[in-house]
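This report covers helix packing and the nonpolar core of one structure. The sequence and model follow.

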Amino acid sequence: PLVESELAARPVVWTIAGSDSGGGAGIQADLLTLHDLGCHGCSVITAITAQNSVAVTAVEPVSPAMLAAQLEALKADLYPAAVKIGLIANQAQLEFLAQWLGDNLPGVPVILDPVMVASCGDELQHAASRAQGAATVSTLDFSGLDFSAFAGRATLITPNVTEVARLVSGIAVPYAGESIGEEAESDCTRWRLAVRAVARHFGVSLLAKGGDARWQTQHASDLLLLSDIGNISTLYRGGEFYLESPRVDTANNHGSGCTLSSAIAAFMAKGMVLPDAVMMAKAYVYEGLKASFQPGSGPGPLARTG
Ligand code: PLP
């Protein structure tokens, strides 16, 4: 438990993300995580989703004026020590956010989770069609977004395997992203090359999450590429690291990506340098997965174990 002086010192962290009415992912997961890790979480909501643990039934982006109003209100009073970005609902929101953060929060660490398809997307879609017939469509597909506006602006980008494939598809590399998913060995090599290409393209540090990789059966191995031009400690001048934890065999991983990126933001707000914050956040997600639970009939969320 935190002592009183630590509570008083809770740094402010913003989560810019979508609301998950089911309470497992998005803003709800972020605020639980930020509080658990000793920060004060503020939220800038990009979209409201109607979803439970088996289906997403509607998504409504907030208006450009409402997005801007939330940011301006927080800037005027609750200035952040770090920012996490999750679901962005459309390209106009994305361009606006990249520009606004660059203009208004210089030097504040920005952890960008390029949410395109939820890590639980397939399960959601399948469960939804089982429950409600073929009419249900997964509405959580933002794969058309172009994140280039964040090149040089984010501190860290945290794509999963599917998102690396999407991000690299517009970049000229020897191995195109679409072929990821074929055979284990070459899969892993293609992924690594794609990850490097994406990191070079964006010019920032990148944490490529391997938890959803088909070639990983025993471990959840992530690849961390540290940029030497990002605003990280001079102790770390670039480099490539594998971070490995045992695979947790659970379907209750809803919101794991959201939890990871907000935990990284929390640890940075608490004063850690990027690589330390990433390692601590990965351990936090591992513990959260081990204690995850199932409040509905579909995949449940991680427990908070701070
Ligand atoms: N943001 C919102 C609002 C969501 O509903 C989801 C998944 O359902 C996500 C982000 C991404 O979730 P995950 O962390 O499981 O990839």
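The model is a predicted one, in which local features need pLDDT of at least 70, side-chain atom pairs count only at pLDDT 80 or more, and totals for chains, interfaces and linings use all residues. Residue numbers start from 1 along each chain as its sequence is written. Helices (H or I, at least four residues) and strands (E, at least two) are DSSP runs, numbered from the N terminus.

Two packed helices are described by the angle between their axes and the distance between the axes. Axes are lines fitted to C-alpha atoms, for helices over the stretch in contact, with angles from 0 to 180 degrees between N-to-C directions.

| Pair | Axis angle | Axis distance |
|---|---|---|
| α8 and α9 (residues 274–290) | roughly 140° | within 8 Å |
| α2 (residues 26–36) and α8 | about 40° | 9 Å |

A crossing is right-handed if the near helix is turned clockwise from the far one by less than a right angle, and left-handed if anticlockwise. α8 passes α9 in a right-handed crossing, and the crossing of α2 and α8 is right-handed.

Residues are in contact if their C-beta atoms, placed from the backbone, lie within 7 Å. On the α2 side, Gly26, Ala29, Asp30, Thr33 and Leu34 meet Cys258, Thr259, Ser262, Ala263 and Ala266 in α8. Towards α9, the α8 residues include Leu260, Ile264 and Phe267, and their partner helix contributes Ala277, Val278 and Ala281, among others.

A residue is buried if 20 or more other C-beta atoms lie within 10 Å of its own, exposed if 12 or fewer, and partly exposed in between. A nonpolar core is a set of buried Ala, Val, Leu, Ile, Met, Phe, Trp, Tyr and Cys residues joined through C-beta atoms within 7 Å. The largest such core has 74 residues, and Leu156, Val164, Val195, Leu206 and Ile264 have the most contacts inside it. α8 gives the most to this core, with nine residues. Leaving aside neighbours within four places in sequence, Ile264 is in contact with Ile111, Leu156, Ala277, Val278 and Ala281.

Helix α6 (residues 161–168) is mostly covered, with eight of its eight residues buried. Val164 and Arg166 are among them.

His254 lies in the loop between β9 (239–246) and α8 (256–269). His254 is buried, because 30 other C-beta atoms lie within 10 Å.

Definitions and conventions: Contact = placed C-beta atoms within 7 Å.
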